[in-house]
There are 2 protein chains.
Amino acid sequence: MFIKKLHQQVICNHHEPIAHTPLGQLRGVKTEDAYIFRGIRYAHARRFHMPEAEEAWEGVRDAIIYGFVCPEITTPVPHDQFTVPHVFYPQHEDCQYLNVWTQSLDENAKRPVMVWLHGGGYATGSGIEHYAYDGEELSKAKNVVVVTLNHRLNVLGYLDLSAYGEEYALSGNVGMADIVEALKWVKQNIAAFGGDPDNVTIFGQSGGGGKVTTLLQMPAADGLYHRAVIQSGVMDPGPAARVREKNKRLTEMLLEELGLDASRVSELEDMPYAQLSVAADRANIRLNEETGERFMWAPVPDGIYYVGYPFETGFRKETLHIPVMMGTVFAEFTSNFDTPAGNGLKNAWTREEAMHHLKEKFGDATEKMAAAFEEAYPGRTPADALFADTFVRRATVRLAKQRAGEGGSATFVYLFDLESPFNDGTLAWHNAEIPYVFHNAQYLEPSYIPGVTEKLQEEMSGAWAAFAEKGDPNHPGHPLWHPVTGDACPTMIYAPESGERIDHDAAFLDAAPKGRVLPVFLQKKKEPSSSFGPQSK
Amino acid sequence: MFIKKLHQQVICNHHEPIAHTPLGQLRGVKTEDAYIFRGIRYAHARRFHMPEAEEAWEGVRDAIIYGFVCPEITTPVPHDQFTVPHVFYPQHEDCQYLNVWTQSLDENAKRPVMVWLHGGGYATGSGIEHYAYDGEELSKAKNVVVVTLNHRLNVLGYLDLSAYGEEYALSGNVGMADIVEALKWVKQNIAAFGGDPDNVTIFGQSGGGGKVTTLLQMPAADGLYHRAVIQSGVMDPGPAARVREKNKRLTEMLLEELGLDASRVSELEDMPYAQLSVAADRANIRLNEETGERFMWAPVPDGIYYVGYPFETGFRKETLHIPVMMGTVFAEFTSNFDTPAGNGLKNAWTREEAMHHLKEKFGDATEKMAAAFEEAYPGRTPADALFADTFVRRATVRLAKQRAGEGGSATFVYLFDLESPFNDGTLAWHNAEIPYVFHNAQYLEPSYIPGVTEKLQEEMSGAWAAFAEKGDPNHPGHPLWHPVTGDACPTMIYAPESGERIDHDAAFLDAAPKGRVLPVFLQKKKEPSSSFGPQSK
């Protein structure tokens, strides 16, 4: 593999480095900064069935290259490849692999373990999908064990076939079951990588934050993790009954697309993924037309294996003791980086121009919003109100307060508000905080700011690691940060000058239109993939 | 995108950096080390038809993310992902994109231009397929303009439909025609990136070396380049008549697979690539069974558009004035890195063990080979003879001498012979020299050796850049290197102590078995893709 630092010696010999796990020996690589083990198989699974743990082996297995990632229904060049550089990789449904970065192979080292759950909804992505997910720097900087993992996605991970036979009872949640199996692997094997199996943090962003929330609501995961971080991932999926109904309907449509009646459901297990995914995609489109809503692959809240989203069911009392961090970034899906080049110079707009754009978007609510925005963010251009996320932030504050009200242990809320130099000033986009959490921000082209980046990522990666270590993100050099109470929402604002503010944007969130404001890129008519490319704007 | 160096400021604003090409304005990014323009569209093409140059545009186009790469029939996790780290990327047949790294946007800078043609036979790969292809370091270190490009491959680039209509006359060579179109783009546009359109070097490795050779034999490319480098790419495709015959037969089988008769050939133009590629793969397997040979996608030597391989036709006199470099690496397809972990400690073998393994492989030829090897490489373990490439090296020496004999201008031959520390000592594998040519060797995990790597890549990238500048690789600090004559083959051996030797291995090449010795990984029974993965050895 390529390394990021120049002139670094790497060891990968026949007998070094070796991790001695209870299942068998694994050979990885040793850089100057970490031991790295890539592509460790943690489970196997029959399609639509629950995963089974990997069995023990003789001899030494190589863990020096990444494993397959789960197939995606489509893999375009993403519109955000510059701001969120993706790693693509060969896809195959035998995708139950994980990766480990650590400072020690001493089983008595007992370092905190941070298990990353990737985003991409429940449909796309992988444990190596972003360059920012590379755990080497975080492991080195904070002496933690970082784990990232792949699991089943989309039609492979979340197709609800429960109506077609007992053996498929959990098919709508096998993607989550893979994650549970990976957490079991961590529990049983991570000591061989210097990790503490009794101090495991699950953290994830976007869909990965959703997965963290889902795990909190899944009895099968109890005891496998001890802290939880939900980054830009609080989004209300709506009533469970409605989710179940849509999943059921999607499955019916998928079978229709393939011309299969209920007696032939088992044929789904053997057909090529390409065929299955085309049928799933068509069913998805039909369902959207029928319902007028957007179907998204997601765990099926059956009330037992997955209890349901806490907005509807409350948090399970079995997880109320788990310390939780949750937060958002300033502009999430509505960042100005999505506006066409040459037309997004928000920092050059006059106040009148900014107010004009605000009125176009928000109409009558504009004056109240602008006033509330200036109170929340003194001295900022009102243009920023145009791009400020309210959708995810509002849901996050709501969920945090709910949890505090239900007697949950410490719940910390943050807001990442760094303006990047890209495009003459770009507000924090969905995913923008990840490199700062992973101590990789010094590598990212669009967001590196001398001095600022170093300080901010020390604060953030330090807070995440302190939270992993002891359930509290406060650490020396970090501004004081209080947990949420039922009444108030203190928010740690990560910025060039970070600091805590209490309900600073309550009036702004109140003034902004409710409901989801569609990101600019989703408002655009979707172009056929043949014309989608880096220069087809 | 992620950058490799820490803490580097990158500029990508609305009005900076802009390249003013004759076709229109392009916005790229400016790092501390280079201007980078990614994903520049250079052509469009109807499937199986000749490419047409990109048209002019108004306003500013973004060139900040890479463009689609050509679809591959299959994309597994490659067995050599550790030693040759690949970049995977979304695939689409609209793939005519190129990338530029340069030190200047001054149209009067007139820096040498180095256009890289990627390997992967003519079936796989892309201009960004290896991390090592990143042009930033080479551009910076040697003040050259580096271009890499994508073009059509496999069934899209080389399916010979010439028997089915005049409009398909060149379908068996449209992949090469894309490259010609890219070179035309360079001729017309590269001054806007500080490049000299009258000093263009084409260089490529493996299949990319094949492409360089093919361009020398294509009248359509004359005048578009001025020096040529063939790295590990000299391999005899056999008689042109036989190649044409096999291509014709493959097309017939492909049509049979799809149930199409000659009157319905145009339907091939509209079917999904997935369908076309499955049929092509099946036809390929059938053809191999019928012929007992391995069909490889490659340009069709029609005698006009592509004259044919120089072993058969001689070099075209129109290109005899082009200075050429060609070379190989020590172990090419037979490097010991392919042996299973724990069983490849060649440097720990006794002389007796080494001779035992040699006898297993070479039988009666062993004694003579071992003696010749020790003469060629004094002091080395005879184990290395087991892994030494003779197949590509022999063809390279033969072609170089042929060219000198035909009156070709300076032809320089090299041999890359660096043993890497990976796996307790690994002989130079196919692709191993590429990071040294691109000045990226300090980033590669398996081959970095403190002190040695820095010196060797200065020599090599310096030689390539000097050759690009003036048609002669000699430069200050580089050992003296003479061109080949018809009689003798001086070889620059790139090693910790580089130096020229004349016909040093002639006796060894003579003693080794003729014909191709299959690489270890090709000798293995091919496993179905469902069981191919990083731990399925």
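**Notes on the predicted model: helices, sheets and domains**

1. In chain B, helix 8 passes helix 9 in a right-handed crossing. Keep in mind for this and everything below that we're looking at a predicted model. Helix 8 of chain B covers residues 351-362 and helix 9 of chain B covers residues 366-376. Their axes sit 9 Å apart and the packing angle is about 125°, so helix 8 of chain B and helix 9 of chain B are oblique to each other.

2. Which residues meet where helix 8 of chain B packs on helix 9 of chain B? From helix 8 of chain B you get B:Met355, B:Leu358, B:Lys359 and B:Phe362; from helix 9 of chain B come B:Thr366, B:Met369 and B:Ala370. Sorted by type, the residues of this contact are five nonpolar, one polar and one charged.

3. Now the eleven-stranded sheet of chain B. It is open, with mixed pairing, and the strand order is 3-4-8-10-9-11-12-13-14-15-16. Strand 3 (29-30) and strand 16 (499-502) of chain B are the edge strands, each pairing on one side only.

4. Within that order, have a look at strand 9 (residues 111-117) and strand 10 (residues 145-149) of chain B: they run parallel and are joined by four bridges.

5. What lies across strand 9 of chain B? That would be helix 3 (residues 174-189) of chain B, which also lies across strand 8 (97-102), strand 10 and strand 11 (195-205) of chain B. Helix 3 of chain B runs at about 165° to strand 9 of chain B.

6. Chain B also has a three-stranded open sheet, ordered 1-2-7, again with mixed pairing. Strand 1 (18-20) and strand 7 (60-62) of chain B are at its edges with a single partner strand each, so one side of each has no neighbour in the sheet. From one strand to the next, the twist averages 30°. Strand 2 (residues 25-27) of chain B pairs with strand 7 of chain B in the parallel sense, over three bridges, and B:Gln25 stands opposite B:Val60 in strand 7 of chain B.

7. Over to chain A and its domains. The assignment gives domain 1 (18-237 + 306-319), domain 2 (240-291) and domain 3 (325-522). Taken over C-alpha atoms, the centres of domain 1 and domain 2 of chain A are 26 Å apart. Their contact draws 18 residues from domain 1 of chain A and 14 residues from domain 2 of chain A. On the side of domain 1 of chain A that touches domain 2 of chain A, the residues split into nine nonpolar, four polar and five charged.

Note on methods
Residues numbered from 1 in each chain as written. Chains lettered and ligands numbered in written order. Predicted model: local features only at pLDDT ≥ 70, side-chain atom pairs only at ≥ 80, totals over all residues. Axes fitted to C-alpha atoms, helices over the stretch in contact; angles between N-to-C directions. Helix = DSSP H or I, 4+ residues; strand = E, 2+ residues; numbered from the N terminus. Parallel < 35°, antiparallel > 145°, perpendicular 65-115°, else oblique. Left-handed = near helix turned anticlockwise from the far one by under 90°. Contact = placed C-beta atoms within 7 Å. Nonpolar A, V, L, I, M, F, W, Y, C, P; charged D, E, K, R; others polar. Domains from an automatic or database assignment. Pairing = 2+ DSSP bridges.
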